Structure formats: C-alpha cells, structure tokens
Amino acid sequence: MRLTVSRVDPWSAMKVSFLLSVALGIAGVIATAVLWTVLDAMGVFDQINGVIGQVVADGSNSFDILDFVGFTRVVSLSIVIGVVDVILMTAIATLAAFLYNISSALVGGLKLTLTDD
C-alpha cells in the first residue's frame with residue numbers, strides 16, 4: 001500500500017510536542033535530582049571541597065562547593081531549563097509542521113510504502 005503524507009495539522013503537532021516536551025522536562029528534573037543525590041552519597045562534593053581547600057589554603061575563608069551547586073539551586077535551574085525547553089520544543093515543532101505543509105505543497109509530500117508481512 002502506498003500512502004502520501006501531504007499535510008500535518010499544526011495544532012495536532014503543537015499538542016503532541018507539548019505533551020512530549022513536558023514529559024521530557026519532568027524526566028530531566030528527576031534525572032538531575034537523582035544524579036545530584038548519587039554524587040552527594042558518593043562524597044564527590046566533600047572531595048571537591050577537600051581538594052579546593054588544599055589548593056587555596058586560606059584559613060580565613062572556607063570554600064564550600066555546595067554554596068554553588070546545592071540541591072535546591074541545581075533543581076531550580078533544572079526546572080527553569082525544563083520550562084524553557086517546553087516552550088522552545090513546542091514552538092519549533094509547530095513551526096516545523098507549518099514548514100512541512102509549505103514544502104509538501106511544492107513537492108507533493110512524503111511517500112510511504114506500507115506492507116503486511
């Protein structure tokens with residue numbers, strides 16, 4: 001069976017891309033939280049503090065890496081990046097649907113051949 005995809009509905013593309021990008025954003029926030037927890041449990045941040053403390057060796061100022069990459073700061077940044085990604089991915093997918101419709105009108109669309117085995 002030969003089929004031709006001649007048009008993609010931009011509204012459908014926007015809805016699907018929004019849902020998929022929200023799912024990816026949530027997965028990214030969870031992955032960030034899990035990765036930070038694993039690194040903290042392994043003692044990576046304590047080792048970084050020790051190494052930087054040896055290099056700097058300033059008695060009056062103590063360096064703490066968690067001031068810069070604390071859990072709440074990292075997860076908050078991850079949420080902000082997730083929200084920006086949701087907006088961008090939705091807009092790009094909708095724009096891609098419009099561009100596909102324009103190019104499909106010029107060249108006839110995407111031809112597919114389906115078979116049943």
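**Close-up 1. Buried residues of helix H3 in the predicted model.** In this predicted model, the buried positions of H3 are Val75, Ser78, Gly82, Val86, Thr90, Thr94, Ala97, Asn101 and Ser104. Among the elements covering these residues are strand S1 (2-5) and helix H1.

Close-up 2. Asn101 lies in helix H3. Its relative accessible area is 15%, and Asn101 is therefore classed as buried, the cut-off being under 20%. When neighbours within four places in sequence are set aside, the contacts of Asn101 are with Arg7, Val8 and Pro10.

**Close-up 3. Packing of helix H1 against helix H3.** Two packed helices are described by the angle between their axes and the distance between the axes. Here the axes of H1 (residues 10-42) and H3 (residues 71-107) approach to within 8 Å, with a crossing angle of roughly 160 degrees. Because angles over 145 degrees count as roughly antiparallel, H1 and H3 are assigned to that class. The crossing of H1 with H3 is right-handed. Sorted by class, the residues in the contact of H1 with H3 comprise 18 nonpolar and nine polar residues, with no charged residues.

**Close-up 4. Length and end of helix H3.** H3 contains 37 residues, so at 1.5 Å a residue H3 should span 54 Å. After H3 comes Gly108, with a positive phi near 100 degrees.

Terms used
Residues numbered from 1 in each chain as written. Predicted model: local features only at pLDDT ≥ 70, side-chain atom pairs only at ≥ 80, totals over all residues. Heavy atoms only, no water. Axes fitted to C-alpha atoms, helices over the stretch in contact; angles between N-to-C directions. Helix = DSSP H or I, 4+ residues; strand = E, 2+ residues; numbered from the N terminus. Parallel < 35°, antiparallel > 145°, perpendicular 65-115°, else oblique. Left-handed = near helix turned anticlockwise from the far one by under 90°. Nonpolar A, V, L, I, M, F, W, Y, C, P; charged D, E, K, R; others polar. Expected span 1.5 Å × (residues − 1). Buried < 20%, exposed > 50% of the residue type's maximum accessible area, 1.4 Å probe, protein only. Contact = heavy atoms within 4.5 Å.
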